[in-house]
Amino acid sequence: MKLDQSGLEILDRDECRALLSRAAIGRIVFTHQALPAVQPVNFILSRGDIVLRTSGTSRLATAAADTIVAFEIDDFDTAARTGWSVVVVGRARRATDPREIAALDALPLESWAPGARDTFIRIHPELITGRRIGDGAAPAAS
């Protein structure tokens with residue numbers, strides 16, 4: 001097991017991808033009006049990419065078109081002081097090809113947010129990192 005300088009277990013790329021495939025909710029980090037913005041979203045993996053469904057007029061759809069974004073998932077047990085986090089950095093793009101949109105529309109991805117969600121955003125992971133605390137990770141020095 002590899003540990004980082006803080007004593008957290010470093011998750012390898014395969015484990016990060018496995019955790020991504022099991023999660024349903026994540027947070028996308030993008031730039032909105034020159035400031036960082038974070039938005040919770042539900043997502044699915046498709047051909048290795050993270051796929052989100054949003055409104056075409058949303059700030060997310062506007063800001064995350066052909067830009068670099070971060071995407072994060074995590075799970076923590078505060079009582080046991082255990083948990084993990086996976087962060088993906090990659091280029092986000094809107095799906096525009098009608099065949100691609102039809103294929104994405106057939107995926108089991110339903111937005112939890114109300115209203116029409118007619119725009120798909122794909123994030124192609126370029127960097128994937130993950131950390132785990134507890135379950136064998138060394139305790140952090142205080």
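Ser46 touches Val51, Leu104, Leu107 and Arg122, leaving aside residues up to four places away in sequence. The residue sits in strand β3. Ser46 counts as buried because its relative accessibility is 12%, under the 20% cut-off. The model is a predicted one.

**Arg27 and its partners**

Arg27 belongs to strand β2, residues 25-32. Its relative accessible area is 30%, so Arg27 is partly exposed. Beyond residues up to four places away in sequence, Arg27 touches Val38, Gln39, Pro40, Ala70, Phe71, Glu72 and Asp74. Two of these partners, Glu72 and Asp74, also make side-chain polar contacts with Arg27. The C-alpha atoms of Arg27 and Val41 are 5.9 Å apart. Along the chain, Arg27 and Val41 are 14 residues apart.

| Side-chain pair | Polar contact |
|---|---|
| Arg27 and Glu72 | 2.6 Å |
| Arg27 and Asp74 | 3.3 Å |

**Helix α1**

Helix α1 covers residues 13-22. Cys16, Leu19 and Leu20 are buried there. Viewed down the axis of α1, the buried residues fall within an arc of 105 degrees, so they line one face of the helix. The face turned away from that buried side carries Asp14, Ser21 and Arg22, which are exposed.

What lies over the buried residues of α1? The cover includes strands β1 (9-11), β3 (35-46) and β4 (49-54), along with β5 (67-77), β6 (82-94) and β7 (119-133). Strand β3, part of this cover, is also the place of Ser46.

At the start of α1, Asp12 places a side-chain oxygen within 3.1 Å of the backbone nitrogen of Asp14. Asp14 is also one of the exposed residues on the outward face.

**The whole chain**

The protein chain holds 3 helices and 7 strands. Their order from the N terminus is β-α-β-β-β-α-β-β-α-β. The C-alpha trace spans about 50 × 35 × 30 Å along its principal axes.

Of the 142 residues, 39% are buried. Among contacts with a separation of 6 or more, 67% join residues 24 or more positions apart. The chain exposes about 8400 Å², and carbon and sulfur atoms supply 54% of that area.

How far apart are the mean positions of the positive and negative charges? For the 17 positive and 18 negative charges, the mean positions are 4 Å apart.

Key:
Residues numbered from 1 in each chain as written. Predicted model: local features only at pLDDT ≥ 70, side-chain atom pairs only at ≥ 80, totals over all residues. Heavy atoms only, no water. Buried < 20%, exposed > 50% of the residue type's maximum accessible area, 1.4 Å probe, protein only. Helix = DSSP H or I, 4+ residues; strand = E, 2+ residues; numbered from the N terminus. Arc of directions from axis to C-beta. Contact = heavy atoms within 4.5 Å. Polar contact = N/O pair within 3.5 Å; in protein donor to acceptor, adjacent residues only side chain to side chain. Areas by Shrake-Rupley, 256 points an atom, 1.4 Å probe, with all protein chains shown as cover. Lys, Arg positive; Asp, Glu negative; His and termini not counted. Charge placed at Lys NZ, Arg CZ, Asp CG, Glu CD.
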